[in-house]
Amino acid sequence: MKDADLRRLVAEVTREVTAQSERGAKPAPNGARRGGRAVVTTTGKNQRGIVAKIAQAIADAGGDIVDISQTLVSDYFTMIIIVDTAALSVSFAEFKAKLERTVATAGAECLVMHEDVVNALQRV
């Protein structure tokens, strides 16, 4: 799958999940948790303080890191963070933009997706 095709698919799934949420979609089956978390993936060249900067941006927005995994290979890292977004002091869109700006200033790339979007993409 080409990068442009993947971006288009993610955009379509995001629009659909957002529309369902706004229409008051039914809760997830079996009491599964819905809508309270974000998945943040970050990749880039390693540098001192990158994890601290991202963690601080999450905390400043009212998010809570509930799980984190980081892998460092040579000078490059990949990090996946699960964030509880239930107590955000900003909208999800603002939260996403803030994290993307923070990571960009560190010279890395970041993808922030609502848990519902990640789950919907796995069903595609």
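The model is predicted: local features need a pLDDT of at least 70, side-chain atom pairs count only at pLDDT 80 or more, and totals for chains, interfaces and linings use all residues. Residues are numbered from 1 along each chain as its sequence is written, and side-chain values use heavy atoms, with hydrogens and water left out. The chain has 124 residues. It holds 4 helices and 4 strands. The strands form an open sheet.

**Confidence**

- The term pLDDT is the predictor's confidence in each residue, from 0 to 100.
- The protein chain averages a pLDDT of 80, and 67% of the residues score at least 70.
- Over residues 25-35 the pLDDT is below 50. Beyond near neighbours in sequence, this stretch has 12 contacts in the model. A contact means heavy atoms within 4.5 Å.

**Overall fold**

- Helices (H or I, at least four residues) and strands (E, at least two) are DSSP runs, numbered from the N terminus.
- From the N terminus on, the order of elements is α-β-α-β-β-α-β-α.
- Take the contacts between residues at least 6 apart in sequence: 68% of them join residues at least 24 apart.
- Of the residues in the chain, 31% count as buried. Buried means under 20% relative accessible area, exposed means over 50%, and partly exposed lies in between (1.4 Å probe, protein chains only).
- The chain exposes about 7,900 Å², and carbon and sulfur atoms supply 51% of that area. Accessible areas come from the Shrake-Rupley method with a 1.4 Å probe; for residues, only the protein chains shown count as cover.

**The sheet**

- The sheet has 4 strands in the order β2-β3-β1-β4, with antiparallel pairing. Two strands pair if DSSP finds at least two bridges between them.
- The edge strands are β2 and β4 (108-114), and each pairs on one side only.
- From one strand to the next, the twist averages 10°. Axes are lines fitted to C-alpha atoms, for helices over the stretch in contact, and angles run from 0 to 180 degrees between N-to-C directions.
- Strands β1 and β3 pair in the antiparallel sense over 9 bridges. T41 has I80 in β3 as its bridge partner.
- Strands β2 and β3 also pair in the antiparallel sense, over 9 bridges. Q70 has M79 in β3 as its bridge partner. I65 has V83 in β3 as its bridge partner.
- The hairpin of β2 and β3 has 2 residues between the strands. There, S74 takes a positive phi near 55°.
- In a regular strand, side chains alternate between the two faces of the sheet.

**Helices on the sheet**

- Helix α2 (residues 50-60) lies across β1, β2 and β3. It runs at about 20° to β3.
- Helix α3 (residues 92-105) packs on the sheet and touches β1, β3 and β4. Its direction makes about 165° with that of β4.

**Salt bridges**

- A salt bridge is a side-chain nitrogen of Lys or Arg within 4 Å of a carboxyl oxygen of Asp or Glu. By this rule the count comes to 2.
- Side chains of opposite charge can pair when their charged atoms come close.
- The side chains of R37 and E115 meet in a salt bridge at 2.6 Å, N to O. R37 lies in strand β1 (residues 37-45) and E115 in helix α4 (residues 115-123), so the pair ties together parts that are 78 residues apart in sequence.
- R37 is partly exposed, at 27% relative accessibility. E115 is buried, with a relative accessible area of 8%.
- The side chains of K45 and D75 meet in a salt bridge at 3.7 Å, N to O. K45 lies in strand β1 and D75 in the loop between β2 (64-73) and β3 (76-84), so the pair ties together parts that are 30 residues apart in sequence.
- K45 is partly exposed, at 43% relative accessibility. D75 is partly exposed too, with a relative accessible area of 41%.

**A look at V66**

- V66 sits in strand β2. At 45% relative accessibility, V66 counts as partly exposed.
- V66 touches R37, I82, V83 and D84, not counting residues up to four places away in sequence.
- V66 and D84 are 18 residues apart in sequence, and 6.4 Å apart in space, C-alpha to C-alpha.
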